[in-house]
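Below is a briefing on one protein model, meant to be read beside its sequence and coordinates. The points are grouped by topic.

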Amino acid sequence: MKFNPFVTSDRSKNRKHHFNEPSHMRQKVMLSPQSKALRQKYICSMRISKDDEVQVVRGHYKGQHISKTVQVYRKKCVIYIERVQRENSTAVHAGIHPNKEVSTRLKLDKDRKKILEHKAKSQQAGKEKGKYKEELIEKIQE
């Protein structure tokens, strides 16, 4: 059921919008899940970037080897990984969607550290949101 009259539910228009998205919006779609160790340390998902170490977990190229990302191609919504190549050619990397892989190590520069700190702070605020503390309840009752 359609709730917002200003947003279309037409399939062809939604597909057109999805495939013609600008790069800055496509970057938000290209999140990759983190490994269990990184989830405990940082957050559940992060935008993928070049030189991150990843492991393919779903699809034709899944395996246990960990390798670096060579290129992030936002126009096609794929990433290219070091050791994953097409079977019929020798030097062509195969494109993999970021959802089909897990990040095992992040390349942390100052901007990505800032993003992680910001997300961790908002996560902590979300855990405390809606919970009343004892001091506050005592003040209200007085």
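The model is predicted, and each value below is computed from it.

**Largest pocket**

- The largest pocket holds about 210 Å³ of space.
- Its lining consists of Gln-27, Met-30, Met-46, Arg-47, Ile-48, Ser-49, Lys-50, Val-72, Arg-74, Asp-111, Arg-112 and Ile-115.
- Sorted by class, the lining of the largest pocket has five nonpolar, five charged and two polar residues.
- At least two lining residues come from each of strand S2 (45-47) and helix H4 (110-128).
- H4 gives the largest share of this lining, with three residues.

**Arg-112**

- Arg-112, one of the residues that line the largest pocket, sits in helix H4.
- Its relative accessible area is 8%, under the 20% limit, so Arg-112 counts as buried.
- Leaving out residues up to four places away in sequence, Arg-112 touches Met-46, Arg-47, Ile-48, Ser-49, Asp-52, Leu-106 and Lys-107.
- Ser-49 is 63 residues from Arg-112 along the chain, and the C-alpha atoms of the two are separated by 9.9 Å.

**Nonpolar cores**

- Ten residues make up the largest nonpolar core: Met-30, Ile-48, Val-54, Val-56, Cys-77, Ile-79, Ile-81, Val-84, Ala-94 and Ile-96.
- Strands S3 (53-56), S5 (78-85) and S6 (93-96) each supply at least two residues of this core, and S5 gives the most, with three.
- Val-84, a member of this core, is in contact with Val-56, Tyr-61, His-65, His-93, Ala-94 and Ile-96, leaving aside neighbours within four places in sequence.
- Another core lies apart from the largest one and has five residues, among them Leu-38, Ile-43, Leu-106 and Leu-116.

**Positive phi angles**

- Most residues other than glycine have a negative phi.
- Asp-51 has a positive phi, near 75 degrees.
- Asp-51 is found in the loop between S2 and S3 and is partly exposed, with a relative accessible area of 32%.
- Cys-77 also has a positive phi, with a value near 60 degrees.
- The loop between strand S4 (67-73) and S5 contains Cys-77.

**Aromatic pair**

- How many aromatic pairs does a search of the whole structure find? The search finds one.
- The rings of Tyr-73 and Tyr-80 have their centres 6.4 Å apart and their planes at 50 degrees, so the pair is tilted.
- An angle over 60 degrees would count as edge-to-face, and one under 30 degrees as stacked.
- Is Tyr-80 buried or exposed? Tyr-80 is buried, with a relative accessible area of 13%.

**Ser-35**

- Ser-35 lies in the loop between strand S1 (31-33) and helix H3 (36-41).
- The relative accessibility of Ser-35 is 15%, so this residue counts as buried.
- Not counting residues up to four places away in sequence, Ser-35 touches Val-102, Ser-103 and Thr-104.

Note on methods:
Residues numbered from 1 in each chain as written. Predicted model: local features only at pLDDT ≥ 70, side-chain atom pairs only at ≥ 80, totals over all residues. Heavy atoms only, no water. Phe/Tyr/Trp six-rings, centres within 6.5 Å; stacked < 30°, edge-to-face > 60°. Buried < 20%, exposed > 50% of the residue type's maximum accessible area, 1.4 Å probe, protein only. Helix = DSSP H or I, 4+ residues; strand = E, 2+ residues; numbered from the N terminus. Contact = heavy atoms within 4.5 Å. 1 Å grid on protein atoms, 1.4 Å probe; cavity = no way out; pocket = protein on both sides within 12 Å on 5 of 7 lines; lining within 4 Å. Points joined across faces, edges and corners; volume = space filled by probe spheres on them. Nonpolar A, V, L, I, M, F, W, Y, C, P; charged D, E, K, R; others polar. Core = buried A, V, L, I, M, F, W, Y, C linked by side-chain atoms within 4.5 Å.
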